[in-house]
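Look at the sequence and the model below.

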Amino acid sequence: MEKEIRWGFVGCGEVTEKKSGPAFGIVEGSRVVAVMSRNAERAQSYAERHGISRWYTDAQRLIDDPEVNAVYIATPPSSHATYAIMAMKSGKPVYVEKPLAASYEDCLRINRISQQTHVPCFVAYYRRCLPYFIRVKAIVESGRIGRVVGVHIRFAVPPRDLDYNRRQLPWRVQKDIAGGGYFYDLAPHQLDLLPQMFGPITRASGFCTNRAGLYDTEDTVSAAFQFADGLIGSGTWCFCAHESARTDRIQIVGDRGKVTFSVFTYEPIELYTEQGHESIRIDNPKHVQMPLIQNVVDHLRGRGYCDADCVSATSVNWVMDKILGKL
C-alpha cells in the first residue's frame, strides 16, 4: 500500500489559511497532523480551527514527531534554509514557500544538504501547475504568435497601508527577514514562470532604488535578462506608484502576434494574431496551491514526478540577486 504523507507545518500564517493549508487535507494521500508557530496562541488556534491534533512552539519538536513524515515550511524566507536543512537531516521531505531562501547562497546550502541526504526539497512555485498559466504556455508552444522575439514584465502597485507605519513595517520590506523588499516577495513568481516557457535565464542585470522613502529596501526595480537561446526580456517593478498606474502584465511578443496575461490578478489572457483578438478567461482552483501540492504528494508516494524542486528554484534567487546587485 502506498504510504500516506503526514505533514507538519512550520509556520501557520496568512498563506496557509486559504492558498495552501486546506489543500494538504484535500488531496489524495495527504493530511496534516501537526503545526508549529513560535506564538503558542497562534499555533493552538490554527490547530483547533483546522482540526489538527497537535501543535508546537519549537520546530525541532515538530520535525522529531514520529507521526510527521513531511514538512511544510511557511515562514519568512530568512528561516527557510535553517528549517529545510533541519528537516532533511531528519530524513523528512520538505515543501518550502517561495522564494526558496533569502539569498542565492542559502539556496546553495539547501541544495547541498538535499543532495547529501537524498531527501527531496520542493518549492511552492504553484503557478507552474495552474490552468491559467498552462494555457499561456500552450499558446506560446502552439506557434500561434510565431517565433517569440521579446518578453516584457510590467508591474506597478501603490504602497500598502502598513508601508506608512515606520515603527512596525511589514516583514516583506525588511531585508534581513525577506532578502529584499516587495521585489523579492513578488517577482519570484514572474521570474519562475518564464523559464518554464523559454528555458533558463543565463544573464541578468538591473537597477534598483528607493523613491518613496517609506522603508529602507528597494521600491522600484528595472531589469534586463537573457535566456539561454538568446531571447531577451525586460522587467519593471514599482511598489510606490499611484493607483492610476496599477499594472500586472507580462507581454510575450512574437513575429506573428502577441499574448499578454497577468500573474496575480488572473485577468483574461489577451491573444493577438493575424486572425484578430481573442480574450480567454481561465478559472483557477479555490486553493491555488492545490495542483502543485497534489503533484508533490504523488511524487512522494511514487505515483508521479514533481520538478518544482530546490534546484530549479535556486535559479530564481540567482536572477533576483543579480538584478539587485547582490552578486
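The count of disulfides comes to 0, where a disulfide is a pair of cysteine sulfur atoms within 2.5 Å. A disulfide is a covalent bond between the sulfur atoms of two cysteines. For cysteine 129, the closest cysteine sulfur is that of cysteine 306, at 6.3 Å, which is too far for a bond. For cysteine 208, the closest one belongs to cysteine 240 and is 13 Å away, again too far. Cysteine 208 is partly exposed, with a relative accessible area of 37%; buried means under 20%, exposed over 50%, and partly exposed in between, with a 1.4 Å probe and protein chains only.

This is a predicted model, in which local features need pLDDT of at least 70 and side-chain atom pairs count only at pLDDT 80 or more, while totals for chains, interfaces and linings use all residues. Residues are numbered from 1 along each chain as its sequence is written, and side-chain values use heavy atoms, with hydrogens and water left out.

Next comes helix 6. Helices (H or I, at least four residues) and strands (E, at least two) are DSSP runs, numbered from the N terminus. Helix 6 covers residues 104-117, and its 14 residues reach 20 Å from the first C-alpha to the last. That is close to the 20 Å expected at 1.5 Å a residue, the expected span being 1.5 Å times one less than the number of residues. Which residues of helix 6 are buried? They are Asp106, Cys107, Ile110, Asn111, Ile113 and Ser114. They cover an arc of only 165° around the axis, so they sit on the same side of helix 6; the arc is that of the directions from the helix axis to the C-beta atoms. An α-helix has 3.6 residues a turn, so residues three or four places apart point the same way. On the other side of helix 6, Gln115 and Gln116 are exposed. Histidine 118, which follows helix 6, has a positive phi, near 60°.

Strand 9 (residues 220-227) and strand 10 (residues 232-238) run antiparallel and are joined by 7 bridges.

Definitions and conventions: Two strands pair if DSSP finds at least two bridges between them.
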